[in-house]
Amino acid sequence: QVHLVESGGGLVQPGESLTLSCVASEGTFSAIDIIDISWYRQAPGKERELVAVMLPRPGFIKYEDSVKGRFTISRDNAGLPAYLQMNDLKPEDTAVYSCKVELVMGTTYWGQGTQVTVSS
């Protein structure tokens, strides 16, 4: 069964950057079929929270308040991969980051996540 695969996580120091990628485990999703692409994160002992969401049509993007100005969501013009560029990382950004893609046919795909740890 097709699912999403995230990569790019790791251990970094405060102030450093990471770029996360999200691809389909098999083939890809056409841009025309994608309703929205989202990145979520879940820190230990906390609920999962929405970090960023992109609706390619009509070009709507929204960020969680704490990451505004530091994180950027983007995607390949063909659909996937999707990316989350994270700059000026802070210890409170430490979490497992997952991507989600919703398709026009009503199907939603998730990845298992990639660990991001920000520590000095």
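**View 1. Strand β4 and its pairing with β5 in the predicted model.** Five bridges join β4 to β5, and these two strands run antiparallel. The structure shown here, and in every view that follows, is a predicted model. Within the pairing, W39 has A52 of β5 as its bridge partner. Six residues lie between the strands in the hairpin of β4 and β5, and in this hairpin G45 takes a positive phi near 80°.

**View 2. The other pairing of β4, with strand β9.** Strands β4 and β9 also run antiparallel, and eight bridges join them.

**View 3. Two residues of β4, D36 and I35.** D36 lies in strand β4, and I35 is found in strand β4 as well. D36 has a relative accessibility of 9%, and because buried means under 20%, D36 counts as buried. Leaving aside its neighbours within four places in sequence, D36 is in contact with V53, M54, L55, P56, K100, V101 and E102. I35, in contrast, is partly exposed, with a relative accessible area of 31%. Together with V104 and M105, I35 makes a nonpolar surface patch of about 250 Å². As a general point to keep in mind while looking at this view, the side chains in a regular strand alternate between the two faces of the sheet.

**View 4. The largest nonpolar core.** This core has 31 residues, and those with the most contacts inside it are F29, L80, L84, M86 and Y97. The elements that give two or more residues to the core are β3 (18–24), β4 (34–42), β5 (49–55), β7 (71–75), β8 (82–86), β9 (95–103) and β11 (114–118). Among these elements, β9 gives the most, with five residues. In soluble globular proteins, nonpolar side chains tend to be buried together.

**View 5. The surroundings of L80.** L80 is one of the residues with the most contacts inside the largest nonpolar core. When its neighbours within four places in sequence are left aside, L80 is in contact with L4, C22, V23, A24, T28, F29, I34, I37 and V101.

**View 6. The salt bridge of E49 and R41.** The structure holds seven salt bridges, and one of them is formed by E49 with R41, the closest N and O atoms being 2.6 Å apart.

**View 7. The salt bridge of R70 and D93.** The side chains of R70 and D93 meet in a salt bridge, with 2.8 Å from N to O. This pair links distant parts of the chain, 23 residues apart, with R70 in the loop between β6 (60–63) and β7 and D93 in the loop between β8 and β9. Both R70 and D93 are buried.

View 8. The side chains of D88 and K90 meet in a salt bridge at 3.5 Å, N to O. D88 counts as partly exposed, at 36% relative accessibility, and K90 is partly exposed, with a relative accessible area of 27%. Elsewhere, salt bridges that share partners join R41, E49, E64, R70 and D93 into one network.

Methods
Residues are numbered from 1 along each chain as its sequence is written. This is a predicted model: local features need pLDDT of at least 70, side-chain atom pairs count only at pLDDT 80 or more; totals for chains, interfaces and linings use all residues. Side-chain values use heavy atoms; hydrogens and water are left out. A nonpolar core is a set of buried Ala, Val, Leu, Ile, Met, Phe, Trp, Tyr and Cys residues joined through side-chain atoms within 4.5 Å. Buried means under 20% relative accessible area, exposed over 50%, partly exposed in between (1.4 Å probe, protein chains only). Helices (H or I, at least four residues) and strands (E, at least two) are DSSP runs, numbered from the N terminus. Contact means heavy atoms within 4.5 Å. Two strands pair if DSSP finds at least two bridges between them. Patches are made of residues with over 30% relative accessible area and no salt bridge: like charges are joined within 9 Å, nonpolar side chains (Val, Leu, Ile, Met, Phe, Trp, Tyr) within 5 Å. Accessible areas come from the Shrake-Rupley method with a 1.4 Å probe; for residues, only the protein chains shown count as cover. A salt bridge is a side-chain nitrogen of Lys or Arg within 4 Å of a carboxyl oxygen of Asp or Glu.
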